[in-house]
Amino acid sequence: MNALLKKIVLLLGTLLLVFGFASQASAGSHSKIKIIVVTHGQDASAFWSVAKKGVIDAANQYADIADVQYRNPKEFDMVEMAQIIDNACASKPDGLVVSIPDADALGSAITACTEAGIPTISMNSGSQDREALGALLHVGQTEYEAGYGGGKYFKKQGVTKAACVNQEVGNVALDRRCEGFQDGLGSSVDVIAVTVDPTDAKNKVVAYLQKNPGTEAIMSLGQDAAVPTMDAIKEAGQEGITKSATFDLSPEVLAAIRDGNMEYAIDQQQYLQGYLPVVILVLYNQYSLLPGVDVLTGPGFVTGANAADVIKYASQGYR
């Protein structure tokens, strides 16, 4: 009997040892949730640095269970961005976050990901296209409605002649902003096509104002064009004649609003656009949790009344 007990004890000990090693091996080999974020934002953009901070903060928050990577083209290049999306999906991540500035150019790459079963969330741009491309939901603002609100704002001030400064021609989201702005204003709006180079943008706006001195307001479709536009208004001798406003925030934009040199900025809270999709995809992978509708991060208006408060948080990288 003692001999039998010894054999049983030895057998149990061996089984426990084997299961113990198997359990350790399983725990050690368990991979983190892999999430890849691909945006069209350029490295030099103050706007995208805030969105990227949102991604990084979410990545740090879930560092023990998630591996989050941020990728973007060097310039506004849809061919390069499509290739980045292709490469991201080839690595079979557990989640993809992607901005969609041009659904025609990026649609095939994104659809390939969603059809492969990769949970995908669109952010910043593409709210009108994400469902057709198979994305689960969108985190951002509806661009047309945001522009419409900006047009209504100027219409109440009696503005009838205005223009849009577009720093990324071909970006559908920016086109929608200007379309909404025109409809909200209730009159035709010219588009001034520029690049993100501040000198180029300023010179083109100056040239436009010299040909159209009766322009009462200019809407910049992003903060990369906002400061060059203000500089152009000054250089063209249009201060006090041509009002300015912009989408999105920067320290210079906030200071201009605070000091009365700009009417307002339309804020889409891009920090949330970077942060929330990562959180949502982590929870989706962990517990199959998902919001039932798109998550709107804007629009909100920053004016002289609330600029000081926003400046405080912008200095911390959140606005």
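The paragraphs below start with the sheet and then turn to single residues and ring pairs.

The model is predicted, so local features need pLDDT of at least 70, side-chain atom pairs count only at pLDDT 80 or more, and totals for chains, interfaces and linings use all residues. Residues are numbered from 1 along each chain as its sequence is written, and side-chain values use heavy atoms, with hydrogens and water left out.

Strands of a sheet pair through backbone hydrogen bonds, either parallel or antiparallel. Here six strands form an open sheet with parallel pairing, in the order β2-β1-β3-β4-β5-β11. At its edges stand β2 (66-71) and β11 (295-296), and each has a single partner strand, so one side of each is left without a neighbour in the sheet. Helices (H or I, at least four residues) and strands (E, at least two) are DSSP runs, numbered from the N terminus. Two strands pair if DSSP finds at least two bridges between them.

Within the sheet, strand β1 (residues 33-38) runs parallel to strand β3 (residues 95-98), and four bridges join them. In this pairing I35 stands opposite G95 of β3. Strand β3 in turn pairs with β4 in the parallel sense over three bridges, where V98 has S122 of β4 as its bridge partner. The path from β3 through helix α4 (residues 103-115) to β4 makes a right-handed β-α-β unit. A crossover is right-handed if, with the strands pointing away from the viewer, the path from the first strand over the helix to the second runs clockwise. On to the next strand, β4 and strand β5 (residues 137-140) run parallel and are joined by four bridges; the bridge partner of I121 in β5 is L137.

Strand β4 is mostly covered, with five of its five residues buried. Buried means under 20% relative accessible area, exposed over 50%, and partly exposed in between (1.4 Å probe, protein chains only). Helix α2 (residues 46-61) lies across β1, β2 and β4 (120-124), and runs at about 165° to β2. Such angles run from 0 to 180 degrees between N-to-C directions, with axes as lines fitted to C-alpha atoms, for helices over the stretch in contact. Contact means heavy atoms within 4.5 Å.

The loop between β1 and α2 contains T39. T39 counts as buried because its relative accessibility is 0%. Leaving aside neighbours within four places in sequence, T39 is in contact with W48, Y70, R71, N72, P73, M81, S99 and M123.

The aromatic rings come next. The structure holds ten aromatic pairs. One of them is F154 with Y264, a tilted pair at 5.2 Å centre to centre and 50° between the planes. F154 lies in helix α5 (residues 143-156) and Y264 in the loop between α9 (251-258) and β10 (265-267), so this pair ties together parts that are 110 residues apart in sequence. Both F154 and Y264 are buried. Y264 also forms a tilted pair with F301, at 5.4 Å centre to centre and 55° between the planes. This second pair links Y264 to F301 in strand β12 (residues 300-302), 37 residues apart. Y264 has a relative accessible area of 0%, whereas F301 counts as partly exposed at 31%. Ring pairs link Y153, F154, F181, Y264 and F301 into a cluster. Rings of Phe, Tyr and Trp (its six-membered ring) pair if their centres lie within 6.5 Å; planes under 30 degrees apart count as stacked, over 60 as edge-to-face and the rest as tilted.

The last stop is Q223, found in helix α8 (residues 223-235). Q223 counts as buried at 5% relative accessibility. Not counting residues up to four places away in sequence, Q223 touches S45, A46, F47, T246, F247, D248, L249, S250 and V253. The side chain of Q223 reaches the backbone oxygen of L249 at 3.4 Å. S250 lies in the loop between β9 (243-247) and α9, and is buried with a relative accessible area of 6%.

Notes: Polar contact = N/O pair within 3.5 Å; in protein donor to acceptor, adjacent residues only side chain to side chain.
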